[in-house]
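Open the structure in your viewer and keep the sequence beside it. The stops below say what to select and what is there.

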Amino acid sequence: MKIVPLFLGIATGVLAGATTVLLSTPKSGSEVRVSLKSTSTDFRDKLSDIKLQLQDVKNSIRTLTKESKEVIPEAIEEIKADVEQWKNETAPLQTKLQEEISAIQSAIEEMEKALPKKKEAPVN
């Protein structure tokens, strides 16, 4: 969302409200001037506060962007290193498991050869 249209909308609303109050108030000219001066001072103060808050938000976004550019690549590198370390640590286990699976398959094949074959009954 763009900031300029937001401020233009707020300023337009404030001016329209102030004009409505000015035209519909049963106050004397001097009372209206004092009221306008007070309202304009309040409006300037609030606008100044909004500007400061927006500047804080901009600075926070810049800081967050800068930190994310530094932290994300570091995190990715750490994850890559951890995965590589895990692969290296599990490689001997994988080899051992493959050897055991081969041994089991060989044992099954030998058992199949040793078992007498079942003769099929003739179909009537």
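In which helix is the place of I101? Select I101: its place is in helix 2. Helices here are DSSP runs of H or I with at least four residues, strands are runs of E with at least two, and both are numbered from the N terminus. I101 is partly exposed, with a relative accessible area of 47%. Buried means under 20% relative accessible area, exposed over 50%, and partly exposed in between, with a 1.4 Å probe and protein chains only.

Before moving on, note that this is a predicted model, in which local features need pLDDT of at least 70 and side-chain atom pairs count only at pLDDT 80 or more, while totals for chains, interfaces and linings use all residues. Residues are numbered from 1 along each chain as its sequence is written, and side-chain values use heavy atoms, leaving out hydrogens and water.

The C-alpha atoms of V32 and I101 are separated by 95 Å, and the two residues are 69 apart along the chain.

Now show the whole chain. The chain has two helices and zero strands. Its C-alpha trace spans about 120 × 50 × 15 Å along the principal axes. The radius of gyration is 40 Å, whereas a compact globule of 124 residues would have one near 14 Å; the radius is taken over C-alpha atoms, and the globule rule is 2.2 Å times the number of residues to the power 0.38. Buried residues make up 2% of the 124 residues.

Select E77 and K80. Both lie in helix 2 (residues 29–114), three residues apart, about one turn of the helix. E77 forms a salt bridge with K80, and their closest N and O atoms are 4.0 Å apart. A salt bridge is a side-chain nitrogen of Lys or Arg within 4 Å of a carboxyl oxygen of Asp or Glu. The structure holds one.

Stay in helix 2 and select E78. Is E78 buried or exposed? E78 counts as exposed because its relative accessible area is 52%.

Finish at helix 1 (residues 3–24), where I3 lies. I3 counts as partly exposed because its relative accessibility is 38%.
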